[in-house]
Amino acid sequence: MPYRSRETLEGWLADFTSTRADGDLIRVALQDSSLGADGGLVIVPLRNASTTVYIHPPVEVDPRWRVVFEPQPEEIALSSDEVYALTAELNTAARLCAYLAERSASHREEPPAA
């Protein structure tokens, strides 16, 4: 499974957000990879919903990048304007997911020595 360090993901995220007006809240958090190194986890905070959304890198059983929605304890009720805004946020998450998949397709990085 290809390895991407948190620093690599932070660079890719900076490249992604440098050409856009949105995505300012997205960040890379610490996450131990299956290799025992910090592989990073891309967190996509939503202004218009309380659920946690993150972009998960490929794993052995699924080679695709995935946008993951964690369950939320309560329902939310949004106006049409808020739904439009949430749709824009989710569109950004989808574009970032595709961007990360594209960037990682040819990326080769060695995990740090244990």
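Leu-30 sits in the loop that joins β1 (27-29) to β2 (41-43). Strands here are DSSP runs of E with at least two residues, helices are runs of H or I with at least four residues, and both are numbered from the N terminus. Leu-30 counts as exposed, because its relative accessibility is 64%; exposed means over 50% relative accessible area, buried means under 20%, and partly exposed is in between (1.4 Å probe, protein chains only). Leu-30 is ten residues from Gly-40 in sequence, and their C-alpha atoms are 5.0 Å apart in space.

Before going on, a word on what you're looking at. This is a predicted model, where local features need pLDDT of at least 70 and side-chain atom pairs count only at pLDDT 80 or more, while totals for chains, interfaces and linings use all residues. Residues are numbered from 1 along each chain as its sequence is written, and side-chain values use heavy atoms, with hydrogens and water left out.

Now step back to the whole chain. It has two helices and four strands, and reading from the N terminus the order is α-β-β-β-β-α. Of its 114 residues, 34% count as buried. Take the contacts (heavy atoms within 4.5 Å) with a separation of 6 or more: 53% of them are between residues 24 or more positions apart.

Next, the helices. Two packed helices are described by the angle between their axes and the distance between the axes. Here, helix α1 (residues 6-18) and helix α2 (residues 80-105) have axes that come within 11 Å and cross at roughly 125°. So α1 is oblique to α2: angles under 35 degrees count as roughly parallel, over 145 as roughly antiparallel, 65 to 115 as roughly perpendicular, and the rest as oblique. The axes themselves are lines fitted to C-alpha atoms, for helices over the stretch in contact, with angles running from 0 to 180 degrees between N-to-C directions.

Who does the touching? From α1 it's Leu-9, Trp-12, Leu-13, Asp-15 and Phe-16, and from α2 it's Thr-92, Arg-95, Leu-96, Tyr-99, Leu-100, Arg-103 and Ser-104. Sorted by class, that gives seven nonpolar, two polar and three charged residues. Nonpolar covers Ala, Val, Leu, Ile, Met, Phe, Trp, Tyr, Cys and Pro, charged covers Asp, Glu, Lys and Arg, and the others, Gly among them, are polar.

Pick out Ser-104 in helix α2. Ser-104 counts as buried because its relative accessibility is 10%. Leaving aside neighbours within four places in sequence, Ser-104 is in contact with Arg-4, Trp-12 and Trp-65.

Follow the chain into the segment after α2 and you reach Glu-109. With a relative accessible area of 21%, Glu-109 is partly exposed. Glu-109 and Ser-5 are 104 residues apart in sequence, yet 7.9 Å apart in space, C-alpha to C-alpha. Setting aside neighbours within four places, Glu-109 is in contact with Tyr-3, Arg-4, Ser-5 and Thr-8.

Last stop: Arg-66, in strand β4 (residues 66-69). Arg-66 counts as partly exposed, at 35% relative accessibility. Beyond its neighbours within four places in sequence, Arg-66 is in contact with Tyr-54, Ile-55, His-56 and Cys-97.
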